[in-house]
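Please read the briefing below alongside the sequence and the coordinates.

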Amino acid sequence: MIKVEGLTRTYGAFTAVDDVSFECQPGRVTGFLGPNGAGKTTTMRIMVGLTPPSRGSVTIGGHRYADIPNPGRHVGVLLDASAQHGGRTGREILTLGARTMGLPMSRVDEMLELVSLTPAESKRRLRNYSLGMKQRLGIAHALLGDPSVLILDEPANGLDPAGIRWMRGLLKGYADRGGAVLLSSHLLHEVELIADEMILIGNGRIVAQGDKQTLLREEKPSSLVTSLDNGRLGEALTQAGFGVSRAGEGLRVECPPVEVGRVALQAGVVLVDLRTGSRGLEDLFLQLTADTQREQAPGAQPAPPTQPMQPVQNQGAAR
Amino acid sequence: MSATAPVAPRTIDISNTAPIPFTRLIGVEFRKSYDTRAGFWLLATIGILVTLAETIVTIVGITQDDADLNFGNFVQVAAFLTAVLLPVLGILLVTGEWGQRTAMVTFSLEPRRSRVIGAKYVVGLVLTLVTALVAVVVGAVCNAVLGLATGGADWTFGWSIFIGFLLLQSIAMTTGFALAALLLNTPAAIVVFFALTYVVPTILAIASVFLDWFEDFSHYIDFQRAQQPLADLSLNTGSEWAQLLVSGAIWLGIPLVLGLRRILSAEVK
């Protein structure tokens, strides 16, 4: 539904978006993940024509955004929930949108109800809204025209846990009815549960993409082991050609647990604890974007000599 | 999970979607001009000040026997005020979208930005016309009151003055609009507008006094002076036309073209 091809945007010497290509499928939620300043917002702004690209192209449903007549009826956009006039009421903001798109005013009430903004709240001026309320209003605005594509930039920002759960259900239902959703976030856990597909971006480049299983499959196997003689076990494992590092009471080994067991058996070391050291998406996310992080998250990399994760090479398969 | 999902179309059928009609854009932009406090009170202020000023003129006419007022005078009083307020209206129509960043939403809903800007300009012209009509209606009421009080109103009203009033106010509004498009910042546009309107003519006049050769030349760059014959549509000679067009191109045309180019191509943040 959304097709991004070779998208690049430079500002002088700085490249905000660097040769980004991906596709969002109808009926699926695509999560667009990356640390702050990775290029998510710029990419989304280019999609809807607010920022001209330096190179590359974006089509939505086969059309350039600028070629879609009355685009609000086809593509719902929420780029910044605060980018509304603070002096207008929530209801007035939706009314302006509905009028522009040529929708009946009943649609405004429907959308207010959908995002659980009460009639009293809808009559308050936007500057008196909390960020969570602004996000709800922004989602209502994006859904006004009953679009088949949703482009949402950090929609969960400012929502409380209940709000995030509500949004998850809303977007899931929307995708199940055949809609395509692209939503960005800098927090993995916000999108992990709803995204069918994930695109990881760092420093303007896509570092990995695929569904959760595909992404995790790319992670190199590792094991956590504790034994009665960690020193001897470590030596044996190193001799066997596996990377070993200290992790808490025990060792982290760059191989599946079965190999550790085999080496331990040969070395005659008694194991106390042996389990998989897979660290899930959160670490994968942090590793993939490690060189692009503003600061290193403490504890994110438990052991120094871990090899950098290999970027997913399935860009073709994702299509 | 994708293998079992129903195959949804990957293209959007846009053949049944009509573009947003221009009249609808005008309607929305008109609504935006009064649905905020700043917008509402600017329009209200224009109405209130025009009424207030014309009331004062009426009181002067009633109490001073030698005032000798006619209907046209009321319109001229209004023009004095609206020449200050309508440019601010023109500025706010444009910069309102940038100060609060609503341009992001506006241009997402209508990516053909020129249509949005066109709709805003039409709203500016309509509000200028409404202002002129309010001035005339209030002036008519005041003149009638004056007539009742003094025993006979002078209904002399030059249509050329009314048309001239409309033209001058539209030019003032357009100049504000152009500067706003160029600067995209409310205070800066207001300051620059009043500098151009009140400071530049003074500087040009002073320069003309000291430099003989400059005087003829200054007539071609003094936009305010060149507009004066428009007030009663007495723009007759070719040189007056040339002065209006040249100075208009400098102070209105260039900012407008550069400003429109900026809005149409700029990144909207």
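In what order do the three strands of the open sheet in chain A stand? The order is β2-β1-β4 (chain A), and the pairing is antiparallel. This is a predicted model, in which local features need pLDDT of at least 70 and side-chain atom pairs count only at pLDDT 80 or more, while totals for chains, interfaces and linings use all residues. Residues are numbered from 1 along each chain as its sequence is written, and chains are lettered from A and ligands numbered from 1 in the order in which they are written.

**The open sheet**

- Strands (E, at least two residues) and helices (H or I, at least four) are DSSP runs numbered from the N terminus, and two strands pair if DSSP finds at least two bridges between them.
- β2 (14-24) and β4 (55-60) of chain A are the edge strands with a single partner each, so one side of each has no neighbour in the sheet.
- From one strand to the next, the twist averages 20°.
- Strand β1 (residues 2-11) of chain A is joined to β2(A) by seven bridges, and A:Arg9 has A:Val17 as its bridge partner in β2(A).
- Helix α1 (residues 40-47) of chain A packs on this sheet and touches β1, β2 and β4 of chain A; its direction makes about 115° with that of β1(A).
- Such angles run from 0 to 180 degrees between N-to-C directions, with axes fitted to C-alpha atoms, for helices over the stretch in contact.

- In strand β7 (residues 180-185) of chain A, six of six residues are buried (20 or more other C-beta atoms within 10 Å of the residue's own, with C-beta atoms placed from the backbone).
- A:Ala180, A:Leu182 and A:Ser184 point one way from β7(A), and A:Val181, A:Leu183 and A:Ser185 point the other way.
- Strand β3 (residues 29-33) of chain A pairs with β7(A) in the parallel sense over five bridges, with A:Phe32 opposite A:Ser184.
- Strand β6 (residues 149-152) of chain A also pairs with β7(A) in the parallel sense, over four bridges, and A:Leu152 stands opposite A:Leu183.

**Domains**

- An automatic or database assignment gives chain A domain 1 (2-74 + 147-215) and domain 2 (223-276).

**Contact between chains A and B**

- The contact takes 40 residues from chain A and 35 residues from chain B, where residues are in contact if their C-beta atoms, placed from the backbone, lie within 7 Å.
- Helix α2 (residues 90-101) of chain A gives the most to the chain A side, with six residues.

Definitions and conventions:
Two residues are in contact if their C-beta atoms, placed from the backbone, lie within 7 Å. A residue is buried if 20 or more other C-beta atoms lie within 10 Å of its own, exposed if 12 or fewer, and partly exposed in between; C-beta atoms are placed from the backbone.
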